[in-house]
Each structure stands twice: as C-alpha cells, then as structure tokens.
Amino acid sequence: MVFILHKTATKMEIESFVRSFNSKNISPFVKKGTEHTAVCLIGNTKDINIDSIVENTPIVSYGKRITEPYKMVNKSIRSEGLVIELPNCKVGPNHFTVIAGPCAIESEKQINTIADAMKNSGVQVLRGGAFKPRSSPHAFQGHGEEGIQMLLQAKKEFGLPIISEIMNQTQIPLFDDVDIIQIGARNMQNFDLLKEVGSLKKPILLKRGLSSTIEELLLSAEYILAAGNDQVILCERGIRTFETATRNTLDLSAVVALKQKTYLPIFVDPSHAAGKRSFVAPLTKAAIAAGADGVMIEVHNNPQEALCDGAQSMDLTGFAALMKEIKLRVPMENKQL
Ligand code: PEP
Ligand code: MN
C-alpha cells in the first residue's frame with residue numbers, strides 16, 4: 001500500500017503519519033522523490049481503510065493498494081523515475097548513459113588503450129571485468145584483484161567512473177572505489193549477495209538472469225532495496241530462447257514492460273544479447289527507441305585476440321562510429337547524453 005503526500009507536508013507531520021502505522025505486522029518506509037513523498041506500508045495491510053485515511057489525514061493526497069509482489073521498486077511509489085548521480089553524469093529519466101569497455105581487463109596496456117578511446121568518444125562509464133563468470137573452468141577467469149587495480153588506475157588516469165562485476169560477497173572490500181557494482185545474469189538470484197550489496201551506498205547494476213522473468217528481476221532488485229540501497233539500475237541482456245541465430249534473444253519488450261512497472265533506470269546490453277558484433281549497433285539504436293536509459297557495450301582494441309567475448313566486442317573504430325549515431329538519436333527521445 002502506498003500513500004502519496006502533498007508537497008506541503010512537514011517532516012513532523014510525515015513522522016507522525018508513519019508512527020500511526022507502527023505495529024508488528026506492518027513496516028512503513030518513506031521515499032522522498034523530487035515530485036512528492038510516498039509512504040509505503042509493507043505487511044498485512046488488508047484491514048487498513050485507504051479512503052478513511054485519505055479523508056482524515058490532510059497531508060495525504062491519495063492512497064493505493066500495491067497488488068504486485070514487488071513493492072519498493074514499484075512504479076506507483078515514484079512515478080517520475082529515479083535519478084542516480086555519478087561523478088560526471090546523471091543516470092535516469094531525461095538522460096542516456098553509455099557504459100563501454102572490454103569484457104575482461106587483460107593488461108594495463110589494454111585497459112588504458114580502451115579507456116583513452118572511450119573517454120575521447122564521450123562514454124560516461126568505463127566497464128571492465130576482473131572476476132569473470134565463465135561457463136568453462138578452463139576459460140580465462142579474469143585477473144581478479146589485480147584486474148580491479150588496473151581498472152582503478154585507468155579511472156584515475158582518464159577520469160571516468162568505472163563498473164565491474166562482483167561474483168560473491170567476500171569481494172566487496174575490493175570494490176570500495178568502484179563506482180557501480182555489476183551483478184551478472186548468473187548471480188541475479190544470489191539472494192545473499194543481493195542482501196550484502198543492499199547494505200552499500202553505491203549504485204548496483206543488476207542484470208536479468210538468463211531465464212528469468214521480468215517479475216523475478218524486479219523481485220531481485222527488491223532484495224537490494226529492502227536491505228537499504230535504493231540505487232539500482234536494471235539491465236536487459238538477452239534471454240534464453242529456442243533461437244540459435246544469436247547468443248541470446250534481446251527482449252526489447254522488457255524495456256517497455258519494466259518502464260511501466262518500476263521507476264528504476266533500465267539499461268540494455270546488446271553485446272551479450274546478440275553475441276555478434278554486427279548486431280550491436282542496430283540493437284543499440286533499437287534500445288534507444290524503446291526508451292532505455294542507457295546501454296552497456298563491449299569494446300576491445302583487438303577483438304580477434306580478446307581473452308573473452310571477442311566475437312561480440314566492437315573495435316575502437318566501429319564503436320566511435322556507433323557513438324556518433326547514439327549522439328544523434330538520444331535527443332530524438334528527449335534525453336541528453
Ligand atoms: C558481462 O557483462 O561481462 C557478463 C558476464 O554479462 P552477463 O552477466 O549478462 O552474462
Ligand atoms: Mn562479456
């Protein structure tokens with residue numbers, strides 16, 4: 001259940017309203033948005049009479065029952081959307097964010113060459129995997145802690161915020177200076193990990209599981225918010241289907257569906273969705289048109305020699321050309337880069 005308050009409600013009035021629900025079966029929480037404040041009640045709310053509360057509480061504008069199982073990420077709490085502030089840009093409504101970089105950090109030279117090119121082409125966030133979830137135990141697993149150090153060095157040198165994937169909670173201290181923590185598709189339902197990153201005060205990019213429904217993705221995000229961290233970005237990265245022409249099937253409807261169901265920013269990863277470089281530019285343009293708030297793209301200075309995901313990685317020239325197209329298309333959706 002959610003109550004949307006009038007803008008004029010004072011702090012004391014809000015506190016007193018929240019206190020009125022203090023009972024064993026209900027936990028209220030307050031969400032302050034840019035447009036209004038919402039008071040949400042989670043628990044057994046069936047005996048609460050919404051009409052009577054709206055009528056008798058002058059600070060309440062309206063109330064609504066949330067029937068979906070995801071409550072804290074529900075669109076009805078914050079219809080205007082969530083803006084996440086990064087050092088150099090904003091993520092969320094009216095903005096478009098490009099995250100790009102190699103699948104895996106391979107060497108200082110590799111990450112620095114790519115970071116330099118990303119910076120020059122206007123990318124806002126540099127990606128680089130240090131802990132790689134690979135299907136085969138014999139495949140390159142990433143440089144781990146050393147990889148994170150190389151990424152941090154590139155952050156310092158090129159002044160770009162960075163994102164990297166975490167695989168388990170013991171790695172959290174290594175991510176202190178990483179700006180966004182990525183939870184990969186395979187860990188989308190690692191509930192212990194979700195709870196742990198929920199206690200952090202930094203943005204989390206949560207990727208959709210290989211065969212997860214949109215509702216399951218939202219419930220995983222709900223875990224992070226329930227643990228106290230409301231800076232979550234969702235990422236559609238393709239799902240398993242019967243189709244074999246691409247590595248996965250990019251579910252662009254998920255962008256539209258998620259936009260209707262949640263206020264969290266929605267990103268698209270066309271690289272893992274397609275598994276093929278030639279698909280990345282058209283799918284990026286489609287993601288912009290579908291209303292995505294950003295994309296995450298794999299780029300490599302020498303894709304043929306990449307230790308991970310070379311076939312889907314764009315080269316520096318191809319990516320620079322795509323960036324130009326992104327810059328042309330984003331304003332058409334009333335967003336800015
Ligand atoms: C990645 O971004 O490098 C990655 C492993 O993605 P996903 O979790 O979507 O497979
Ligand atoms: Mn990859």
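Which strand holds K31? The views below start with that residue in a predicted model.

**View 1. K31 in strand β2.** K31 sits in strand β2, residues 26-32. Helices (H or I, at least four residues) and strands (E, at least two) are DSSP runs, numbered from the N terminus. The relative accessible area of K31 is 10%, so K31 is buried. Buried means under 20% relative accessible area, exposed over 50%, and partly exposed in between (1.4 Å probe, protein chains only). Contact means heavy atoms within 4.5 Å. With D230, the side chain of K31 makes a polar contact of 3.5 Å. A polar contact is a pair of N or O atoms within 3.5 Å; within protein, one must be able to donate a hydrogen and the other to accept it, and residues adjacent in sequence count only if both atoms are side-chain atoms. K31 and I4 are 27 residues apart along the chain, and 9.6 Å separates their C-alpha atoms.

**Notes for every view.** Residues are numbered from 1 along each chain as its sequence is written, while chains are lettered from A and ligands numbered from 1 in the order in which they are written. In this predicted model, local features need pLDDT of at least 70, side-chain atom pairs count only at pLDDT 80 or more, and totals for chains, interfaces and linings use all residues; side-chain values use heavy atoms, with hydrogens and water left out.

**View 2. The manganese ion (ligand 2) and its protein donors.** Four atoms are shown: C103 (SG), H272 (NE2), E298 (OE) and D309 (OD). They lie 2.0 to 2.4 Å from the manganese ion. Donors are N, O and S atoms within 2.8 Å of the metal (3.2 Å for Na, K and Ca); water is not among the atoms, so sites may look incomplete. Along the chain, the donors follow the spacing C-x168-H-x25-E-x10-D. H272 and E298 link distant parts of the chain, 26 residues apart. H272 belongs to helix α8 (residues 270-274), and E298 to strand β14 (residues 294-298). H272 has a relative accessible area of 9%, so it is buried. E298 is buried too, at 1%.

View 3. D309, a donor of the manganese ion, lies in the loop between β14 and α10 (316-329). Its phi is about 60°, a positive value, although D309 is not a glycine. Relative accessibility is 18%, so D309 counts as buried. N94 lies in the loop between β6 (90-91) and β7 (97-101). Phi of N94 is near 75°, again positive in a residue other than glycine.

**View 4. Ligand 1 and its surroundings.** Ligand 1 is surrounded by 13 residues. The closest are R127, K132, A185, K207 and R237. A residue is near a molecule if one of its heavy atoms lies within 4 Å of it. An oxygen atom of ligand 1 lies 2.8 Å from a side-chain N or O atom of R127. For K207, an N or O atom of the side chain is 2.8 Å from a ligand 1 oxygen. At A185, a polar backbone atom is 2.8 Å from an oxygen atom of ligand 1. On its own, ligand 1 has 300 Å² of accessible area, and the protein covers 97% of that. Accessible areas come from the Shrake-Rupley method with a 1.4 Å probe; for residues, only the protein chains shown count as cover.

**View 5. Aromatic rings.** The structure holds five aromatic pairs. F191 and Y223 form a stacked one, with 4.6 Å centre to centre and 25° between the planes. Rings of Phe, Tyr and Trp (its six-membered ring) pair if their centres lie within 6.5 Å; planes under 30 degrees apart count as stacked, over 60 as edge-to-face and the rest as tilted. The pair links distant parts of the chain: F191 is in helix α5 (residues 191-197) and Y223 in helix α6 (residues 214-226), 32 residues apart. F191 has 32% relative accessibility, so it counts as partly exposed. Y223 is partly exposed at 31%. F3, F17 and F21 form one aromatic cluster.

**View 6. P203 in a loop.** P203 lies between α5 and β11 (204-207). Its relative accessible area is 6%, so P203 is buried. Leaving aside neighbours within four places in sequence, P203 is in contact with I84, L86, D179, I180, I181 and Q231. The C-alpha atoms of P203 and I181 are 6.5 Å apart.
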